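Subject: Two-chain model, handover and findings

Hello,

Here is the structure I promised to pass on. Please load it before reading the notes.

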Amino acid sequence: MNVVVCVKQIPDPVAPGALDPGTNTLNRSGKLIMDDSDNYGVEMALQLAGGEGDEVTLVSMAPGGETSGLRTGLAMGAAKAILISDEALAGSDALGTAKVLAAAIARANPDLIVMATESTDGYTGTLPVQVAELMGLPSVTFAKAISIEGSTIKVERQTEAGFDEVVCPMPAVVTVTAGVVEPRYPSFKGIMAAKSKPVENLTVADLGLDASQVGSAGSGQEITDVSESEARGSGEIVVDEGDGAQRVVAFLEQLKVI
Amino acid sequence: MLETDEHRLFRKTLRDLFEREIEPHVNVWESARTFPAHDLFARLAPVGIFGLEYDEAYGGMGADHSFTLIAGEEMGRISCGGIPMAMAVQMSMATPALAQYGTAELKEAYLAPAIRGECVASIAVTEPDAGSDVAGIRTRGVRDGDQWIINGSKLYVTNGTQADWLCLLARTSDQPGYQGMSLIVVPTSTDGVVVSRKLEKLGMWSSDTAELSFTDVRVPVSNTIGEIGRGFQQQMVQFQAERLITFYKQVGSIELALARTKAYLAERQAFGKPLLANQHLQFVLAELSARHDMLKHYARTTADAVMRGEDATRYATIGKLMGSRLQREVADTAVQFHGGIGYMDEHWTSRFFRDTRLDSIGAGADEVMLRILARMDGYSTE
Ligand SMILES: Cc1cc2nc3c(=O)[nH]c(=O)nc-3n(C[C@H](O)[C@H](O)[C@H](O)COP(=O)(O)OP(=O)(O)OC[C@H]3O[C@@H](n4cnc5c(N)ncnc54)[C@H](O)[C@@H]3O)c2cc1C
């Protein structure tokens with residue numbers, strides 16, 4: 001079985017980059033790391049495609065030929081990667097990115113495509129379903145467990161009330177939420193092996209796409225303004241005077257969490 | 001030493017790993033005066049940390065020494081000294097001699113499971129009457145056919161209440177001084193091995209420290225590491241690995257302590273401005289940073305020498321000496337510049353202050369480092 005995992009390479013949140021004042025987009029030059037939320041996708045894919053002849057391929061679109069983040073996924077155990085890097089891609093919106101990813105994914109001919117529900121830097125949460133639509137594939141979102149049964153997948157899909165069981169033919173796009181599996185750490189051996197794993201470098205032209213459909217040229221979206229997010233208010237401290245448990249329950253009920 | 005993408009990814013992996021597997025538990029383990037070594041080591045081992053430079057035939061990583069430097073620096077950033085010390089025992093204190101001199105059978109039986117994190121190892125050298133002067137040890141192994149019968153006691157054994165096996169230094173002949181000692185692997189399940197006391201300490205609270213006694217403990221002579229009678233010399237080689245990892249941890253711990261102190265002083269207001277606005281504080285920190293920079297680069301030069309296969313005794317000695325001293329000075333400064341909160345048990349500074357005191361005593365006291373250097377440089381008349 002071939003599984004593709006889409007991996008976003010983002011500026012290290014420990015030293016966050018600045019916004020470009022001209023375009024209001026994140027400055028992505030310099031070393032990037034694998035988005036933490038993709039750890040779960042890679043782990044899920046490695047667990048599903050752990051058999052003889054199975055293979056996990058990573059697909060990423062990133063500026064400047066950046067592979068640092070991809071190496072993390074390769075070190076975890078993915079077999080190879082496809083990187084799409086092209087100056088024409090600067091300023092891509094979600095749909096433009098989806099077109100590029102869909103075209104690159106198609107080259108790997110996968111049985112299953114795993115993506116994170118959303119990325120952690122600049123996100124719309126729409127990319128996975130756009131990729132599925134462009135590829136003409138079914139999509140199942142918010143998976144908390146996936147199992148393969150012949151040529152179909154069975155997914156436990158997280159809902160507000162619990163989970164739905166969804167059965168879906170392959171190939172399909174599945175999005176996984178953070179925390180659904182415990183991602184492995186790359187081992188020293190994995191890190192060294194990743195150095196020699198193949199990374200295919202592609203441009204927009206290699207994918208047979210027209211440069212006018214992608215990047216800022218093809219973007220139907222413009223960021224007109226950005227503003228500081230509201231500072232998070234301080235939490236509520238419940239001092240236990242014997243009724244602590246009941247008050248915590250009441251608080252959670254009021255938030256409709258339980 | 002060139003830091004490659006692989007070094008960076010290994011560093012990040014360790015930082016994430018420690019953040020997830022160690023940090024959430026540090027306060028609990030410090031209060032408990034111990035930590036679950038078997039459970040933690042099993043969780044840490046898969047990244048390869050317990051066998052970095054060891055032979056792949058026994059599950060080692062076959063890495064070069066630069067990765068030990070990275071590991072040490074990241075271990076130094078853990079928010080207590082006890083856990084990284086316990087890890088360092090398994091990595092670089094109880095196992096190097098076994099890896100270098102042990103037979104294939106002995107390595108298969110004891111080194112391989114230590115690398116896999118399936119067992120916990122200790123180094124047992126110090127005794128009630130012999131610490132700095134290792135040649136003064138009295139624990140004896142008397143040969144009876146193909147067995148050693150061991151009697152004696154060992155003090156301050158790190159991981160000692162939990163260890164599955166000890167790398168034990170004992171006298172195995174009547175020759176005096178540096179002669180006639182052997183390093184022997186002693187499984188702690190052997191009859192006659194007793195944890196006589198769990199010791200309370202000034203710092204390093206999460207690490208358990210034991211006094212062990214040995215009464216007619218029988219182990220096969222085939223458990224001897226390397227040559228019978230060469231134990232002292234092999235232990236001196238093993239001490240080198242111990243001093244190097246201690247030094248590398250200091251490079252990491254000092255860097256983090258300075259960064260945390262700076263961040264606090266930038267926030268804390270006094271006399272209408274942040275404390276950091278006082279030039280005196282800036283200059284003291286700048287000076288410590290300068291000395292840290294020298295130490296950090298000395299660590300890289302040291303790692304390069306080890307990788308070239310040179311005798312790194314001088315590097316290990318100077319690095320351990322200067323690192324221990326600078327670390328104590330940084331800890332003292334951190335407490336001072338934090339004021340009252342710096343003295344509080346709940347704050348990282350007081351733990352750092354307690355824990356860092358050990359490095360000038362353990363793994364060879366500062367004066368022992370100076371003794372080695374004085375001899376090397378011809379200052380000593382001995
Ligand atoms: C928390 C902790 C963990 C430890 N873990 C282990 C372990 O796992 N395994 C193990 O075998 N040991 C361990 N030790 C023991 C440690 O290595 C010894 O304490 C150390 O070597 C010093 O020996 P000593 O305590 O006998 O001091 P002594 O040898 O009595 O020396 C006391 C002091 O005298 C001075 N001094 C010594 N020699 C000289 C000299 N030649 N010239 C001038 N001054 C000198 C130094 O200031 C030294 O600190 C540990 C110790 C501690 C505190």
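Below are the conventions, then the findings by chain.

**Conventions**

Residues count from 1 along each chain as its sequence is written, chains are lettered from A and ligands numbered from 1 in the order in which they are written. This is a predicted model: local features need pLDDT of at least 70, side-chain atom pairs count only at pLDDT 80 or more, and totals for chains, interfaces and linings use all residues.

**Chain A: the sheet**

Chain A has an open sheet of 9 strands, in the order β9-β8-β7-β10-β6-β1-β4-β5-β11. Strands here are DSSP E runs of at least two residues, and helices are H or I runs of at least four, numbered from the N terminus. Two strands pair if DSSP finds at least two bridges between them. The pairing in this sheet is mixed. β9 (163–169) and β11 (199–202) of chain A are the edge strands, each pairing on one side only. On average, neighbouring strands are turned by 30° against each other, direction ignored.

Some of the pairs in detail:

- β1 (residues 2–6) and β6 (residues 112–116) of chain A are parallel, with 3 bridges. A:V3 has A:L112 as its bridge partner in β6(A).
- β7 (residues 139–149) and β10 (residues 172–176) of chain A also run parallel, joined by 3 bridges. Here A:A143 is bridged to A:V176 in β10(A).
- β7(A) and β8 (residues 152–158) of chain A run antiparallel over 6 bridges. A:I146 stands opposite A:V155 in β8(A). The two strands form a hairpin with 2 residues between them, and A:G150 in the turn has a positive phi of about 65°.

**Chain A: helices on the sheet**

α2(A) lies across β1, β4 (55–61), β5 (80–84) and β11 of chain A. It runs at about 170° to β4(A). Helix α3 (residues 94–108) of chain A packs on the sheet too, touching β1, β4, β5, β6 and β11 of chain A. The direction of α3(A) makes about 155° with that of β4(A). Angles run from 0 to 180 degrees between N-to-C directions; axes are lines fitted to C-alpha atoms, for helices over the stretch in contact.

**Chain A: two residues**

Is A:G73 buried or exposed? A:G73 is buried, because 28 other C-beta atoms lie within 10 Å. The cut-offs are 20 or more such atoms within 10 Å for buried, 12 or fewer for exposed, and partly exposed in between, with C-beta atoms placed from the backbone. A:G73 sits in helix α2 (residues 68–76) of chain A. Leaving out residues up to four places away in sequence, A:G73 touches A:V5, A:V7, A:M34, A:V42, A:L58 and A:A78. Contact means C-beta atoms, placed from the backbone, within 7 Å. A:M34 is 39 residues from A:G73 in sequence, yet 7.6 Å away in space, C-alpha to C-alpha.

A:M170 is in the loop between β9 and β10 of chain A. A:M170 counts as partly exposed, with 18 C-beta neighbours inside 10 Å. Beyond four places in sequence, A:M170 contacts A:D111, A:L112, A:S151, A:T152 and A:I153.

**Chain B: domains and helices**

Chain B is assigned domain 1 (5–115), domain 2 (121–229) and domain 3 (233–376). The bounds come from an automatic or database domain assignment. The centres of domain 1 and domain 3 of chain B, taken over C-alpha atoms, are 21 Å apart. In the contact between them, 24 residues of domain 1 of chain B meet 23 residues of domain 3 of chain B. On the domain 1 side, α4(B) gives the largest share, 8 residues.

Helix α1 (residues 5–21) and helix α4 (residues 66–76) of chain B pack at about 35°, with axes 10 Å apart. Residues of α1(B) in this contact include B:F10, B:L14 and B:F18, while α4(B) brings B:F67 and B:I70 among them.

Why is helix α5 (residues 82–93) of chain B largely enclosed by the rest of the structure? Because 12 of its 12 residues are buried.

**Between the chains**

The contact takes 14 residues from chain B and 12 residues from chain A. α1(B) gives the most to the chain B side, with 7 residues.

Best wishes

How values were computed:
Contact = placed C-beta atoms within 7 Å.
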